[in-house]
Amino acid sequence: MPVQVAVCGPGECTEREWDHAHETGRLLAGHGAVVICGGHGGVMAAAAAGARAGGGIVVGVLPAADRSAAGPDLTVALPTGLGQARNTVIVNAADAVIVVGGSWGTLSELALAMRRAAVPVVQIGGWRVHDEDGRPTGGVVHAAGPAEAVEATGLFA
């Protein structure tokens, strides 16, 4: 069974986040990984486009109960009717989670991945989480770019 990696990020992103997500998707496809994302715009669309350009498979886990808003680069569009609760499905389906950029929904995916504690969580840019004393919380690997993020998952050694 192929490795499955979730690429999470905001539905509206910067050009830099788009480039990072696109390259991340392309690199993952090059390793034969299935890319899992939320199936809409921004980072999700960029990761899907990158994976598709790399000849990979992309599964979009959609918040709605139909596929009408599914991104054009998805191989599989999975409508859930779960709204933002679909973030749990995305994270639980993944062997690693790569977060690009930051938003409230992205933060929920990062938190769910950390609570799962069974998969590597790698972050490129985005929000930083600190404890009550202002210290960065542990567990998230911070990568400078896509190649470092894919390597940091430890899945393709």
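A: Histidine 20 lies in helix α1; helices here are DSSP runs of H or I with at least four residues, strands are DSSP runs of E with at least two, and both are numbered from the N terminus. The model is a predicted one, in which local features need pLDDT of at least 70, side-chain atom pairs count only at pLDDT 80 or more, and totals for chains, interfaces and linings use all residues. Residues are numbered from 1 along each chain as its sequence is written, and side-chain values use heavy atoms, with hydrogens and water left out.

With a relative accessibility of 14%, histidine 20 counts as buried. Buried means under 20% relative accessible area, exposed means over 50%, and partly exposed is in between (1.4 Å probe, protein chains only). Setting aside residues up to four places away in sequence, histidine 20 touches Val100, Ile124, Ala144, Gly145 and Pro146, where contact means heavy atoms within 4.5 Å.

Helix α1 spans residues 15-30, 16 residues in total. From first C-alpha to last it reaches 22 Å, close to the 22 Å expected at 1.5 Å a residue; the expected span is 1.5 Å times one less than the number of residues. The buried residues of α1 are Glu17, His20, Ala21, Thr24, Gly25, Leu28 and Ala29. Viewed down the helix axis, the buried residues of α1 fall within an arc of 165°, so they line one face of the helix. That arc is taken over the directions from the helix axis to the C-beta atoms. On the other side of α1, Glu15, Arg16 and Gly30 are exposed. The cover over the buried residues of α1 includes strands β1 (4-8), β2 (34-37), β5 (96-100) and β6 (121-124), together with helices α2 (43-53) and α5 (146-152). Just after α1, glycine 32 has a positive phi of about 80°.

A salt bridge is a side-chain nitrogen of Lys or Arg within 4 Å of a carboxyl oxygen of Asp or Glu. Arginine 26 and glutamate 23 are three residues apart in α1, which separates them by about one helical turn. Arginine 26 is partly exposed at 36% relative accessibility, and glutamate 23 is partly exposed at 26%.

Next comes α2, one of the elements that cover α1. Eight of the 11 residues of α2 are buried, so this helix is largely enclosed by the rest of the structure. Those buried residues are Val43, Met44, Ala46, Ala47, Ala48, Ala49, Gly50 and Ala51. What covers them includes α1, β1, β2, β3 (57-62), α3 (86-92) and β5. After α2 comes glycine 55, whose phi is positive, near 80°.

Arginine 52 forms a salt bridge with aspartate 73, with 3.8 Å between the closest N and O atoms. Arginine 52 lies in α2 and aspartate 73 in the loop between β3 and β4, so the pair ties together parts that are 21 residues apart in sequence. Arginine 52 is partly exposed, at 47% relative accessible area, and aspartate 73 is also partly exposed, at 23%.

The search of the whole structure finds four salt bridges. One of them joins arginine 135 to aspartate 133, the closest N and O atoms being 3.1 Å apart. Salt bridges that share partners join Asp131, Asp133 and Arg135 into one network.

Apart from neighbours within four places in sequence, valine 3 is in contact with Ala33, Val34, Asp95, Leu155 and Phe156. Valine 3 and phenylalanine 156 are 153 residues apart in sequence, while their C-alpha atoms are 9.2 Å apart in space.
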